[in-house]
Amino acid sequence: MNYVKAYLKSTYGAINDEWTIILDQLEDHLCFYYKAKDELAGTTILMPNGRKNPLMGIIKDETSTINALAQKLGISPWDSSKIKQTPEDDSDDFMDRLTGNSRKQYEMEFPE
C-alpha cells in the first residue's frame with residue numbers, strides 16, 4: 001500500500017479524501033489475497049476428492065476485486081494511460097501557422 005500511496009502522491013500531488021474508502025478497500029482485499037495465497041502455498045491445488053482447492057476461488061475473486069479497485073484509482077500503466085488529460089488550446093496558433101498569418105497583421109496602429 002505504501003507504493004500505491006506514493007504513486008498517487010507523485011502523480012496527483014496529494015491523496016484526495018474521496019479516495020480513502022477505495023484505498024481502505026484495496027488494502028483489505030490485498031490482505032485477503034495474500035492470506036489465501038500463503039495458505040494455498042502450504043497445500044495442494046487439487047483436493048483428495050479431485051476438486052479444486054476452494055482457496056483458488058478466493059484468490060480469483062480477490063484478484064478481480066483488486067483489479068477493479070486499481071482501475072478506479074488509475075494505478076496500473078494501462079489505466080493511467082486512459083485518464084484524460086486536457087491539452088492546452090492552441091487552435092489559434094495552429095490556424096495562424098496553416099494560413100501563414102501572424103497576429104501582428106491584425107494589430108492596428110493609431111496615430112498619436
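Q: Which residue caps the N-terminal end of H3?
A: In this predicted model, whose local features need pLDDT of at least 70, with side-chain atom pairs counted only at pLDDT 80 or more and totals for chains, interfaces and linings using all residues, the cap is Asn 53, a side-chain oxygen of which lies 3.0 Å from the backbone nitrogen of Leu 55. Residues are numbered from 1 along each chain as its sequence is written, and side-chain values use heavy atoms, leaving out hydrogens and water.

Q: What span does helix H3 reach from its first C-alpha to its last?
A: The expected span of a helix is 1.5 Å times one less than its number of residues. H3 (residues 54–73) has 20 residues and reaches 29 Å, close to the expected 28 Å; helices here are DSSP runs of H or I with at least four residues, numbered from the N terminus.

Q: Which residues of H3 are buried, and why are they on the same side?
A: An α-helix has 3.6 residues a turn, so residues three or four places apart point the same way. Leu 55, Ile 59, Glu 62, Ile 66, Leu 69, Ala 70 and Leu 73 are buried in H3, buried meaning under 20% relative accessible area and exposed over 50%, with a 1.4 Å probe and protein chains only. These residues cover an arc of only 100 degrees around the axis, taken from the directions from the helix axis to the C-beta atoms, which puts them on the same side of H3.

Q: Which residues are exposed on the other side of H3?
A: Lys 60 and Lys 72 are exposed there.

Q: What follows H3?
A: Gly 74 follows H3, and its phi is positive, near 70 degrees.

Key:
Helix = DSSP H or I, 4+ residues; strand = E, 2+ residues; numbered from the N terminus. Polar contact = N/O pair within 3.5 Å; in protein donor to acceptor, adjacent residues only side chain to side chain.
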